[in-house]
Amino acid sequence: MSPRSKTISTTRRSIYRHPISLVNRPTHFCPGCGHGTTYKLIAEVLDALDIRERTIGVAPVGCAVMAYYYFNCDISEAAHGRTPAVATGIKRCLPDRIVFSYQGDGDLAAIGMAETIHAANRGENITVVFVNNSVYGMTGGQMAPTTLTGQKTITTPSGRDTSLAGPPIDVCKLINALDSPWHIERVALDSPAGVRRTRKALMTAFKGQMEGKGYSLVEILSPCPVHIHKTPVEALSFLKERMIPAFPLGIFRKEGKRLT
Amino acid sequence: MRNRVLMNGNDALGEGAIRAGCDAYFGYPITPQNELTAYMARNMPAQGRVFIQAESEIAAVNMVFGAAVAGKRGMTSSSSPGISLKQECLSYLAAAELPAVIVNVQRGGPGLGNIAPAQGDYFQATKGGGHGDYHMIVLAPYSVQEMHDFTIDAFQLADHYRTPVMILTDGRLGQMMEPLSLHTGKPPKVPPKPWALTGALGRKPNHIRSLLLEDGALEQRNLILQAKYRKIMAELVRFDERMTRDADALVVAYGTSARIVEGAVDKARDMGLKIGILRPITLWPFPKARIRELATRVKGILVVEMSSGQMLEDVQLAVGDRAPVIFEGRLGGAVPDESAIIQSLETLVRHRHRGGRS
């Protein structure tokens, strides 16, 4: 054994390992999709807080539904948009468990807007992970409530016309109008720094739930290259240059206090 | 609370749920079932149980879905238009084999209709109002006592068969007051639920799902569900039969209609008409075998409903050409008239009838 390799072995420590809360299997998501990264970040947070064995996730219709393939914790399906209602039912019945919902933009801000607002307004002690990628992914790239003004989708072939479809909905701003939420934050998977900020936001939200603080919403701007018709690298530029200006990043609500 | 009490049907049903060990109730206002939601609001939190007035009927039933996922006993109630809103989730509950109790205190329809008692939701309840191949157990009480008792049964059946159970009643049974004996003794035993999501502590993660995209997986799933439905059909059929031994004619009616029929049949018997009654208690599974059997012994069968003739179709399917089947019904919240029923019975017994809607 050379002296050099000996040096390494004496100082070796684990700097990365596959999260226990994540099933070790290839992802079915499209190239450049942000769901895989988000799953891993949630799994890392469950590991770090040591709550995998008391966590229940709720995954509704859309690309989010496959969560049970990837999370190594209890997962329930929910009907499209009803995720916060199902999460409410679970959490109220098992208040000492950790309950999170994992919802796309169509699920959370279109069909499930009523459930979203009322769960937030009741201050349900749950963590809502909101993946905003500006389109419906699973159904093939239709206009979402968060599709940008002028953005082309298969149902806005000439670009989103706000005079017909209204402007994109800023969910964090909307939920921040309510008095009950404890933490509201928007982050983006646009860069390694953005990924780290996303992990931190998720950590805040899950930790808050463990401490009984109440409702948290983490909105994650995420790339969907296939349905915005871009390469994975271009999709990250789209995230930076188009989405972030429309959906400003930051903490909207911290420990129950409005910051914006 | 004393064991023998005077209560309205909605309250009696709520007290039944509480005594059945209902852990969580989720409601939304709609007449004529509001007494039930108010009863649960008064009594569930007081016992440390979950009560939420949800933002919609849809949210309410999906909260029940969540309670069932967590292995708890959940119930929601509504009336016809609100029950329509719940249908998607009923399909999901059936698909995921989740136990739940759903109460439909029916009112006049279609549309917003009115708030009078009706039986127009029979098809919706028994044929699967939601999408896909599924069934729910449907119980039809006809007294305040049964509103109470069947609710306890509903929770037991839901857990036993891992299926949603509907109590199909109506505004009259919900609102009228009658004396009843409350269920006493220990709350019924809840079977173990190793499938429930409670956090994967020391076990493999559990999943509640109905999306099955793998080749052939959904057909296999459906075959398992169908086998369960056949088992329920073989084990669970319930009905109440009266005065059929010497009957020349049979009346088939459930719920409020059966109450009116009882009065009419008593009068018809006084007039010398030998009439029997078969009252289905489970609307699904339907007591078709017994009705078929009785059809061979009577001159004809009268079906009475507060609808255009929905259960009538199940009776006709059971009877075939063994006996003529005639129908007496009222619509849109109207209640069948005793004299009209007696007249139909006279026709049936004294003149051979060709059958069909009278």
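What percentage of the 260 residues in chain A do buried residues make up? The share is 54%, where a residue is buried if 20 or more other C-beta atoms lie within 10 Å of its own, exposed if 12 or fewer, and partly exposed in between, with C-beta atoms placed from the backbone.

## Basis of the description

This is a predicted model, in which local features need pLDDT of at least 70 and side-chain atom pairs count only at pLDDT 80 or more, whereas totals for chains, interfaces and linings use all residues. Residues are numbered from 1 along each chain as its sequence is written, and chains are lettered from A and ligands numbered from 1 in the order in which they are written.

## Overall form of chain A

Chain A contains ten helices and ten strands; helices (H or I, at least four residues) and strands (E, at least two) are DSSP runs, numbered from the N terminus. Along the principal axes, the C-alpha atoms of chain A fill a box of roughly 70 × 45 × 35 Å.

Of the contacts in chain A with a separation of 6 or more, 66% are between residues 24 or more positions apart; two residues are in contact if their C-beta atoms, placed from the backbone, lie within 7 Å.

## Interface between chains A and B

The interface brings 28 residues of chain A into contact with 33 residues of chain B. On the side of chain A that touches chain B, at least two residues each come from strand 1 (55–59), strand 2 (74–77), helix 4 (83–93) and helix 6 (113–122) of chain A. Helix 4 of chain A gives the most, with eight residues. By class, this side of chain A has 14 nonpolar, six polar and eight charged residues; Ala, Val, Leu, Ile, Met, Phe, Trp, Tyr, Cys and Pro count as nonpolar, Asp, Glu, Lys and Arg as charged, and the others, Gly among them, as polar.

Strand 2 of chain A runs parallel to strand 9 (residues 207–208) of chain B, and two bridges join them; two strands pair if DSSP finds at least two bridges between them. Within strand 9 of chain B, B:His207 stands opposite A:Ile75.

## Surroundings of A:Glu115

A:Glu115 is placed in helix 6 of chain A. This residue counts as buried because it has 30 C-beta neighbours inside 10 Å. Not counting residues up to four places away in sequence, A:Glu115 touches A:Gly81, A:Arg82, A:Thr83, A:Pro84, A:Ala85, B:Glu55 and B:Ala59. The C-alpha atoms of A:Glu115 and A:Ala85 are separated by 6.0 Å, although the two residues are 30 residues apart along the chain.

Helix 3 (residues 57–69) of chain B is largely enclosed by the rest of the structure, because 13 of its 13 residues are buried. Its end C-alpha atoms are 18 Å apart, which agrees with the 18 Å that 13 residues should span at 1.5 Å a residue; the expected span is 1.5 Å times one less than the number of residues. Just after helix 3 of chain B, B:Gly71 takes a positive phi of about 85 degrees.

Chain B is divided into domain 1 (4–236) and domain 2 (239–357), with bounds from an automatic or database domain assignment. The contact between them takes 28 residues from domain 1 of chain B and 21 residues from domain 2 of chain B.
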